Amino acid sequence: MIRVLFICHGNICRSTMAESVFTDMVDKLGVLSQFEIDSAATSREEIGNAPHYGTRAKLAQVGIPVVPHRARQMTQKDYEYYDYLIGMDSANIRNMKRIAGNAVNGEKIYKMLSFADYKNNQCLKEANDVADPWYTGDFEATYRDIVAGCEGRLEYLGYR
């Protein structure tokens, strides 16, 4: 079982989109039973809220079902439990390490776009941030980045 946790600031836009996109991808590959996929926030601001309407609308537009989810905050136990914790931007990464406990080395923590273009490079790279559509309103750009990161993630794991 490969356990993947996607993380953003509020757990209503980017991380829930990534959770739904990645779930859809592994389901279409017929390997969903090999994964446990979830998402979480670094903040407490949106706890209990459903995915953002912009995330739901973008996923509906491309025919990807939204995974039923309510925002929750990442915990130190999540760091212990999940194999891969994938943050959307540099601030998420910093806060994920703080939540995990500053004594941990962060070996399970990755930035989403580190996996983008893995197929061509066969290595992880320094990565840009996935723009937060809460501020930009651009759910299309966020979706493109998330697809690139998820496809690269599957390539990294040997599923593509």
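Is Asn-11 buried or exposed? Asn-11 is buried, with a relative accessible area of 0%, where buried means under 20% relative accessible area, exposed means over 50% and partly exposed lies in between (1.4 Å probe, protein chains only). Before we go further, note that this is a predicted model, in which local features need pLDDT of at least 70 and side-chain atom pairs count only at pLDDT 80 or more, while totals for chains, interfaces and linings use all residues. Residues are numbered from 1 along each chain as its sequence is written, and side-chain values use heavy atoms, with hydrogens and water left out.

Let's stay with Asn-11 for a moment. Asn-11 sits in the loop between β1 (2-8) and α1, and its phi is near 65°, a positive value in a residue other than glycine. Most residues other than glycine have a negative phi.

Now for the overall fold. The protein has 7 helices and 4 strands, taken from DSSP runs numbered from the N terminus (H or I over at least four residues for helices, E over at least two for strands). Reading from the N terminus, the order is β-α-β-α-α-β-α-β-α-α-α. The radius of gyration is 14 Å, close to the 15 Å that the globule rule gives for 160 residues, so the protein is as compact as a globular protein of that length. Here the radius is taken over C-alpha atoms, and the rule is 2.2 Å times the number of residues to the power 0.38. Along the principal axes, the C-alpha atoms fill a box of roughly 40 × 35 × 30 Å.

How is the chain packed? Buried residues account for 54% of the 160 residues. Of the contacts between residues at least 6 apart in sequence, 74% join residues at least 24 apart, a contact being heavy atoms within 4.5 Å. The accessible surface is about 7700 Å², and 47% of that area belongs to carbon and sulfur atoms; these areas come from the Shrake-Rupley method with a 1.4 Å probe.

Next, the charges. Side chains of opposite charge can pair when their charged atoms come close. The structure holds 9 salt bridges, each defined as a side-chain nitrogen of Lys or Arg within 4 Å of a carboxyl oxygen of Asp or Glu.

Lys-28 is exposed, with a relative accessible area of 63%, whereas Asp-24 is buried at 11%.

Another salt bridge joins Asp-38 and Arg-72, with the closest N and O atoms 3.3 Å apart. Asp-38 lies in strand β2 (residues 35-41) and Arg-72 in the loop between α2 (53-61) and α3 (76-81), so the pair ties together parts that are 34 residues apart in sequence. Asp-38 counts as buried at 17% relative accessibility, while Arg-72 is partly exposed at 22%. Arg-72 also forms a salt bridge with Asp-78, where the closest N and O atoms are 2.8 Å apart. Asp-78 is buried, with a relative accessible area of 8%.

Finally, look at Arg-14, Asp-89 and Asp-132, which are linked in a network of salt bridges.
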